[in-house]
Amino acid sequence: MNETALPNYLQEGTSLGSWLLTRDHKRIALLYMFAITFFFVIGGIAATFFRLELVTPKGDLVEAATYNRLFSLHGIVMVWLFLIPSIPAVFGNFLVPLMIGAKDLAFPRLNLLSWYLFMAGGTIIIGSAVLGSVDTGWTFYTPYSSLYSNSHVVAAVTGVFIVGFSSILTGLNFIVTIHKMRAPGMRWGRLPLFIWSQYATSIINVLATPVLAMTLALIALENLTDLGIFNPWKGGDPLLFQHLFWFYSHPAVYIMILPAMGVVSEVITCFARKRVFGYNFIAGSSLAIAFIGFMVWGHHMFVSGQSPYAGLVFSFLSMLVAVPSAIKVFNWTTTLYQGSILLSAPMLYVIGFIGLFTIGGLTGIFVATLAIDVHVHDTYFVVAHFHYIMVGGAVMAYFGALHFWWPKMFGRMYPESWARLAAIMIFVGFNLTFFPQFVLGYQGMPRRYHSYAPEFQVWNVLSSAGASILAVGYLLPFIYMAWSWKYAPRSGPNPWPATGLEWQVPSPPSKDNFSGIPHIEDEVYAYDQLFGKSDEPHSAPS
Amino acid sequence: MEFLKWPQQASAFAADVDHVFIVLLIVSGGAVLLIAGLIVFFCVRYSRKKQPRPVHHTNTKLSLEIGWSVIALAFFLFAFAWGARIYLQMYRTAPDDAYAVYAIGKQWMWKFQHPDGRREINELHVPVNRPVKINLISQDVIHSLYIPAFRLKHDVLPMAYTEMWFEPTLPGSYHLFCAEYCGTSHSEMVGQVIAMRPEDFENWLGNSQGMGSTAQQGAKLVASLGCTSCHKSESTSIAPWFGGIYGKPVELADGTSTVVNDAYIRESILNPQAKVVRNFQPAMPSYQGRITEDEILSITAYIKSLREQKNE
Ligand code: HEM
Ligand SMILES: [Cu+2]
């Protein structure tokens, strides 16, 4: 078969319409990529301002009301417009069909609709920011959000509500695709771990997001009418909101991290040239996380007035949910043992992920430990904990994926030395930004503070200094990736080389991905067959 | 080097919390170093230059998987158990002899009321070596009273009393923060807890004058708000008399009974129809919107002060 003769998916029309009306999962993936990159910049700009504000203890750069809007916007944009869609909507969209040997997702039109819903919600959120923004934090706690805030709460929750439907539809699309569209021979036990992680994530998306939608709808109704569900003066219960919110938002943190874990599994086997260690355990732990993750939401409410006995149960279950994460870390580490390791840029990101995620996960144990959480809840300790996981983990993995699959997406290499430099800067900048926040938190600095006690200044200055390194680290890929898109050398179908179906088609792939129906004979990650026989690796199997 | 200082330990369980924290820090630190060490070692030892192709092809080992899962779980459960033990201590109800203070959170200040009627704003004086109990309520949104030196915080809810208690051990002045984001000036909802030696504390209390005890203020309010037009001490009145009811069970119109405590009194003022005392008509109007949380506290103190009085 002569696959190179087909035009690749980028060449199938260049008009705006050919992009905005496309049903090709790969093009939709790119649409998402541009959108979330834009949102990442917006979220980052907000963070730049409040990190600058925090250089001095006094609130002197922006007013308190502005500061509160900045961190709220930062949280809402980063969570719903960047992290939640990031890996699933970009790489999941691009790779799920390619990895299982399908032409497209099960419902290509629905996929395009998801993107439009996402853009509609995103536009409303950004629009509300332009009009004056919200000041509730990304958590929208009642009764502040329902009765007291004078900001654009209704607009913001409407935006998030709509974005939620985009997640639900994408999740549904992935589940059906993974069940129904696997090529012959692609048994469940041969699915790449990235697919398993997408599958687990999709289950959460489909089951948890409707609860968020309902909760946000109630917030809007509380603002617009006298409903009273969360209004204690009418017999409502503001804590009910927290239960509903975290029932979604705890699983949502796994929506952000599971896909990242999938990326790690792919990249680490490739650059260790070894089959992944403990395939069943890594795949199973994704499902375990998705399942147990639904039962731990109350760990955000240990000091809220919830019964201390409920606190015990939620603390216990939170300890259980950490085990599958630990299993993954151990298996990744063991995968490196006796491998043949190349520290290319994607691998640097992924190794950075493992280190930072381990710290994030272990500090998860700290905050799940009741006595400690009474002290550190709502302090910078918690802020550091979740940034280690969401930025140190999920964002690192996003960049890892970006470099790893870039040649597949665009058919060109990225500049390796620049990419390594960026990875190292991000790692260093990240630690300098967020490690001091653990200290601040344990010393008692509450989060969401516009001004703070003078003794906290040194660590805040360090954190802001780190943030500036981090910012440069994030900026570099924008520049060299843009350059590489046009000018970098072509990469060929399988530059690393890696196993996996996506590497057996040309880069960039054709519109229909495969020229026939692929048949899968190899086990997954058959790196031993790829490199085992002779010293000279032969190229990817055809 | 102020910024490197360990945070002050000024309450009876501060050291306990720090102990769990330090032990978790050591074990987790060890785990991070182990994993990071292994990764770095493998990356160097098995670098592609030294090892152009992998030598090892075992890709799963059940004993290893079970082994590390069990070790991780054991550590996590150990953290759970230790943390839970201290938490139950902290969050159990306060000892009976505790010095009882009331706190009202509102955007954006803390108001405190001592039993003798003394009030403070953003400052709370307490004696050391004696349990101090704070009955918490918010007048508007959710706040959270946080005293880092005591390693303690508790959310402050509108329309529901919550409680926290601690035993200060070290005289001094400590930060008091609002930890739950509560709107524009959240970061200015801060103050000081001043822990004093018992004798100093008595002195400080002695210096307060003029305000009258909380109960006396409550008695005045009961008259000025018109409560006594129905709640007369004569047995013929159309509403129950306050004497001798505090802390005792009371029979309700629906046949159940409840104990008269702070929460019940508060509810009866704001939502009188919720629990009507047996043999009385649900005739009382709601005072919601007409009375502040401070006033409710004063009236409660007044009713409490009548607890020894005989109810006829
Ligand atoms: C290893 C298992 C983990 C455990 C045991 C754990 C435990 C906890 C606990 C107990 C809290 C509440 C702390 C507090 O509010 O006082 C918390 C907060 C948080 N965690 Fe984790 N966590 C874990 C992993 C993760 C992961 C994987 C993510 C994200 C991908 C994450 C993201 C968050 C976020 C976003 C918050 C705070 C939300 C907020 O208050 O704004 N955690 N975690
Ligand atoms: Cu959680």
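The residues of the shell around ligand 1 divide into 12 nonpolar, 7 polar and 2 charged; here Ala, Val, Leu, Ile, Met, Phe, Trp, Tyr, Cys and Pro count as nonpolar, Asp, Glu, Lys and Arg as charged, and the others, Gly among them, as polar. The model is predicted, so local features need pLDDT of at least 70 and side-chain atom pairs count only at pLDDT 80 or more, whereas totals for chains, interfaces and linings use all residues. Residues are numbered from 1 along each chain as its sequence is written, chains are lettered from A and ligands numbered from 1 in the order in which they are written, and side-chain values use heavy atoms, with hydrogens and water left out.

**Surroundings of ligand 1**

- Ligand 1 is surrounded by 21 residues, of which A:Val253, A:Asp373, A:His377, A:His385 and A:Arg447 are the closest; a residue is near a molecule or strand if one of its heavy atoms lies within 4 Å of it.
- At least two residues of this shell come from each of α8 (238–272), α10 (308–336), α11 (345–368) and α13 (380–410) of chain A. Helices (H or I, at least four residues) and strands (E, at least two) are DSSP runs, numbered from the N terminus.
- Helix α13(A) provides the largest share of the shell, 5 residues.
- The side chain of A:His377 places an N or O atom 2.6 Å from an oxygen atom of ligand 1. A polar contact is a pair of N or O atoms within 3.5 Å; within protein, one must be able to donate a hydrogen and the other to accept it, and residues adjacent in sequence count only if both atoms are side-chain atoms.
- A:His385 has a polar side-chain atom 2.9 Å from a nitrogen atom of ligand 1, and A:Trp138 has one 3.1 Å from an oxygen atom of the ligand.

- Of the 29 residues of α10(A), 22 are buried, and the helix is mostly covered. Buried means under 20% relative accessible area, exposed over 50%, and partly exposed in between (1.4 Å probe, protein chains only).
- The end C-alpha atoms of α10(A) are 43 Å apart, which agrees with the 42 Å that its 29 residues should span at 1.5 Å a residue. The expected span of a helix is 1.5 Å times one less than its number of residues.
- A:Ser307 caps the N-terminal end of α10(A), with a side-chain oxygen 3.0 Å from the backbone nitrogen of A:Tyr309.
- Just after α10(A), A:Gln338 adopts a positive phi of about 60°.
- Helix α11(A) is largely enclosed by the rest of the structure, because 21 of its 24 residues are buried.
- The 24 residues of α11(A) should span 34 Å at 1.5 Å a residue, in agreement with the 34 Å between its end C-alpha atoms.

**Backbone geometry in chain A**

- Most residues other than glycine have a negative phi, and most peptide bonds are trans.
- A:Arg273, which is not a glycine, has a positive phi of about 55°. A:Arg273 lies in the loop between α8 and α9 (279–292) of chain A and counts as buried at 7% relative accessibility.
- A:Tyr525 has a positive phi near 55°. This residue belongs to the loop between α15 and α16 of chain A and is buried, with a relative accessible area of 3%.
- The peptide bond joining A:Thr142 and A:Pro143 is cis, with omega about 0°; A:Pro143 is in the loop between α4 (108–131) and α5 (144–148) of chain A.
- A cis peptide bond also joins A:Trp496 and A:Pro497, with omega about -20°. A:Pro497 is located in the loop between α15 (457–487) and α16 (527–531) of chain A.

**Sheets of chain B**

- An open sheet of 5 strands with mixed pairing has the order β4-β10-β9-β6-β7 (chain B). Two strands pair if DSSP finds at least two bridges between them.
- Strands β4 and β7 (152–156) of chain B stand at the edges with a single partner strand each, so one side of each has no neighbour in the sheet.
- Strand β10 (residues 191–196) of chain B has 5 of its 6 residues buried.
- Strand β4 (residues 123–127) of chain B pairs with β10(B) in the parallel sense over 5 bridges; B:Leu124 stands opposite B:Val193, and B:Pro127 opposite B:Met196.
- Strand β9 (residues 172–178) of chain B runs antiparallel to β10(B), joined by 5 bridges, and B:Leu176 stands opposite B:Gly191.
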